Amino acid sequence: MLTAANELRARLERLDSEIAHHEESLGLLREARAGVVEQLRLEQLRGKDYPVLTLPFEITSQIFIDSLLAEDENHAYPSPDQPPLVFTRVCRDWRTIALATPTLWRQVRIDVDSDDGPGHLDSKWVALLDSWLHRSEPHPIDVSIGNRSYTDPDKTLVPVLNRYSERWRDVELHLPFSHFPLLNISALPLLERLTLSAHGSPDIINPISVFMHAPMLRHISLEGGIYPSEILLPWGQLTSLEMHGASASDCLDLVRTTPNLQTCILDIRSASHGLVLAPPLLDLRSFTFSGPASWGTLRYLSLPALEHLDLTRIPPGNEPVDVLIFQPLQRWQCRLRQLKLYVRTGSDSPLHLLSLLRYLSPTLEKLELMVADSSAGNLIFHEVVVDDRVLPQLTSVELRCMNDDNQRRLLDTVTAVLEKSPQETTRRITQFSVFFDTETEGEFGAELEERWQRLVASGVELRVENLRMRWI
């Protein structure tokens, strides 16, 4: 009898234990259910308050990409307050989408010396660069590392650059000469554009050669501190070249090795003796000249296919501008379509420029002039544009005046010429802009501004502005 009672008590304890266990499990399930209900409520509220968070992954990703394209290209990111890093700090969903969108990480620009730059490329920044480029796989990448202060980056930078070199597309490197031999690059299959500068002592016996095997390379820019003799490149395949701070002989030697150029920018800082005429560049369409030794070098070039010529950044020469330019243009026999010039006071009077423009009459379509004052601009515009026999193909004019003396007279002349009817002129100027390099505020009167509005309504693209204001 006692044994049976003990068995029943033991069974009762087991049942109570099971009931307690199931009640505990049921309580946990109720808590889990309540948590899901609360999450659902918050999700619905969030979708109501922030509909953007309910967008499909693909649409949010594309919005991120579009916002990145709209960013200032001169911004030196990575920055936690700018795309794409800022997307990773909003919420968990956005962070997941941003990290899963490799296109967001295809470009990186670190300017050591910028206001928001690191000041020094230490191991922390190199690690960030490594993570950034890893997220961009498998896309081609654009990498820019600016270092105008000539500080040496952390030693871990070169291995990171090596790791992703096969995906380089557009690369800008400002490094010590000692870092270039450490680049272990066998081939650069996607590289199209390369910008280089260096500091320190170059190896005059063993020039930089890591960029030789780049079959897609078409653009080279050599900036301060690095010269053609210090680097080996596939010069013959280039179609675009920039050379800054070089001597006249360096530039002419470089021209001889780049016969397929279509665009070229040469900044010539020092003259050279014993120069020899370079062979003609038969495909060169656009040419920009700058530097104090440029005028003396111009005569040694041959550019028969030239269409766009920019001489706004050349200091004054010893002779008038028409004399300095006329003989090369006459020898080249090119059909120039666009000309940019800086007309200075003194030897470069507007009358000298007019004689040059009359020579260019048959083909010139766009004229951009920097002038010392509004009076010079008024004379040039009046004499050239009023006479249809001069520059008959002209459709676009840009004037930049260094001061605003007599600006009303210039604007009256411009407006009157633009208002000429088709019966009065055979030329149709469809674009005109004038920029006064001043901060003067004021108005030109309702009557003149109404005439501008009528010109815009008729299809003329018209801009009148200065550093502070834009009138039209």
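**Close-up 1. Helix 11 packs against helix 12 in this predicted model.** Helix 11 covers residues 407-418 and helix 12 covers residues 446-457. Their axes come within 11 Å and cross at roughly 35°. As for handedness, the crossing of helix 11 and helix 12 is left-handed. If you want to find the contact, look on helix 11 for R408, L411, D412, T415, A416 and L418. Across from them, helix 12 brings in E447, L448, R451, W452 and L455. Sorted by class, that's six nonpolar residues, one polar and four charged in the contact of helix 11 with helix 12.

**Close-up 2. Helix 2 meets helix 3 at an angle of about 75°.** Here we're looking at residues 57-69 (helix 2) and residues 92-99 (helix 3), with axes 10 Å apart. Because of that angle, helix 2 counts as roughly perpendicular to helix 3. Tally the contact of helix 2 with helix 3 by class and you get five nonpolar residues, two polar and no charged ones.

**Close-up 3. R463 sits in strand 14.** The strand runs over residues 461-466. R463 has a relative accessibility of 35%, so it counts as partly exposed, between the 20% and 50% cut-offs. Its side chain joins that of E465 in a polar contact of 2.9 Å. Leaving out residues up to four places away in sequence, R463 touches F432, S433, V434, R470 and I472. Take V434 from that list: R463 and V434 are 29 residues apart in sequence, yet their C-alpha atoms are 6.3 Å apart in space.

**Close-up 4. H179 lies in a loop between two strands.** On one side of the loop is strand 3 (168-176), and on the other is strand 4 (193-199). The side chain of H179 makes a polar contact of 3.5 Å with the side chain of S178. Setting aside residues up to four places away in sequence, H179 also touches P153 and V158.

Definitions and conventions
Residues numbered from 1 in each chain as written. Predicted model: local features only at pLDDT ≥ 70, side-chain atom pairs only at ≥ 80, totals over all residues. Heavy atoms only, no water. Helix = DSSP H or I, 4+ residues; strand = E, 2+ residues; numbered from the N terminus. Polar contact = N/O pair within 3.5 Å; in protein donor to acceptor, adjacent residues only side chain to side chain. Contact = heavy atoms within 4.5 Å. Axes fitted to C-alpha atoms, helices over the stretch in contact; angles between N-to-C directions. Parallel < 35°, antiparallel > 145°, perpendicular 65-115°, else oblique. Nonpolar A, V, L, I, M, F, W, Y, C, P; charged D, E, K, R; others polar. Buried < 20%, exposed > 50% of the residue type's maximum accessible area, 1.4 Å probe, protein only. Left-handed = near helix turned anticlockwise from the far one by under 90°.
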